[in-house]
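Biologist: I have a model open and would like to learn how to read its features. Could you take me through them?

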Amino acid sequence: MDGQPLRFDTKIAVLLRDDLAPWQRLNVTSFLVSGLGSQVPEVIGAPYEDADGVAYLPMFRQPVLVFEATKEVLRAAHTRVLSRALPRAVFTADLFSTGNDTDNRAAVRAVPPADLDLVGLAVYGPKGGVDKVVKGARMHP
């Protein structure tokens, strides 16, 4: 590195509903970003290795920005991300009461997009497009 901060032309953003408990915020964020990492390979960097040669898994190559918003702003962001066809992941309130991946997918599949009880949304794409999706949200404290 030459000392200059690295600038990315893309952005990873997580938008959380502002009424979630702290444990829910962490849980939802973890699940959402796992979706992006599994389907958008360009967001993943190289594996890590310490001085003794112990290997560690690769992580995102860029920061993840976490935002919070009201239920209404989250719903509007969902509408915008769908209209822009950006890679996205959703977490609905129903997923707090399921216990496995099969039931999670069935819970989302059972509800039309406009009726999803969203508590979180992750999105990846060009900075400008992601900024438009999360418009009205604020950085997570």
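Biologist: What should I know before I start?

Modeller: This is a predicted model, so local features need pLDDT of at least 70 and side-chain atom pairs count only at pLDDT 80 or more, while totals for chains, interfaces and linings use all residues. Residues are numbered from 1 along each chain as its sequence is written, and side-chain values use heavy atoms, with hydrogens and water left out.

Biologist: How do I read a helix, and what span should α1 have at 1.5 Å a residue?

Modeller: Helices (H or I, at least four residues) and strands (E, at least two) are DSSP runs, numbered from the N terminus. The expected span of a helix is 1.5 Å times one less than its number of residues. The 18 residues of α1 should therefore span 26 Å, and the end C-alpha atoms are 27 Å apart, which agrees.

Biologist: Which residues of α1 are buried?

Modeller: Buried means under 20% relative accessible area, exposed means over 50%, and partly exposed lies in between (1.4 Å probe, protein chains only). In α1 the buried residues are Gln-24, Arg-25, Val-28, Thr-29, Leu-32, Val-33 and Leu-36. They sit on the same side of α1, because they cover an arc of only 145° around the axis; the arc is that of the directions from the helix axis to the C-beta atoms. The general idea is that an α-helix has 3.6 residues a turn, so residues three or four places apart point the same way. On the face of α1 turned away from the buried side you will find the exposed residues Trp-23 and Leu-26.

Biologist: What covers the buried residues of α1?

Modeller: The cover includes β1, β4, β5 (88–92) and β6. For a single residue, look at contacts, meaning heavy atoms within 4.5 Å. Leaving aside neighbours within four places in sequence, Val-28 is in contact with Leu-16, Leu-20, Phe-91, Phe-96, Val-119 and Gly-120.

Biologist: How do I read a nonpolar core, and how many residues has the largest one?

Modeller: In soluble globular proteins, nonpolar side chains tend to be buried together. A nonpolar core is a set of buried Ala, Val, Leu, Ile, Met, Phe, Trp, Tyr and Cys residues joined through side-chain atoms within 4.5 Å. The largest here has 17 residues, and those with the most contacts inside it are Val-14, Val-28, Leu-32, Phe-91, Ala-122 and Tyr-124. At least two residues of this core come from each of β1, α1, β5 and β6, and α1 gives the largest share, four residues. There is also a second, separate core of 15 residues, including Leu-15, Phe-67, Ala-69 and Val-81.

Biologist: Now the strands. In which sense do β1 and β4 pair?

Modeller: Two strands pair if DSSP finds at least two bridges between them. Strand β1 (residues 10–17) and strand β4 (residues 64–69) pair in the parallel sense, over six bridges; Ile-12, for instance, has Val-64 in β4 as bridge partner. Strand β7 (residues 138–139) runs antiparallel to β4, joined by two bridges, and Arg-138 in β7 is the bridge partner of Glu-68.

Biologist: How many salt bridges does the structure hold?

Modeller: A salt bridge is a side-chain nitrogen of Lys or Arg within 4 Å of a carboxyl oxygen of Asp or Glu, and the structure holds eight. Glu-68 forms one with Arg-25, with the closest N and O atoms 2.8 Å apart. Glu-68 lies in strand β4 and Arg-25 in helix α1 (residues 22–39), so this pair ties together parts 43 residues apart in sequence. Arg-138 also forms a salt bridge with Glu-68, at 3.3 Å between the closest N and O atoms. That pair links distant parts of the chain, β7 and β4, 70 residues apart.

Biologist: Are Glu-68 and Arg-138 buried or partly exposed?

Modeller: Glu-68 is buried, with a relative accessible area of 9%, whereas Arg-138 is partly exposed at 40%.
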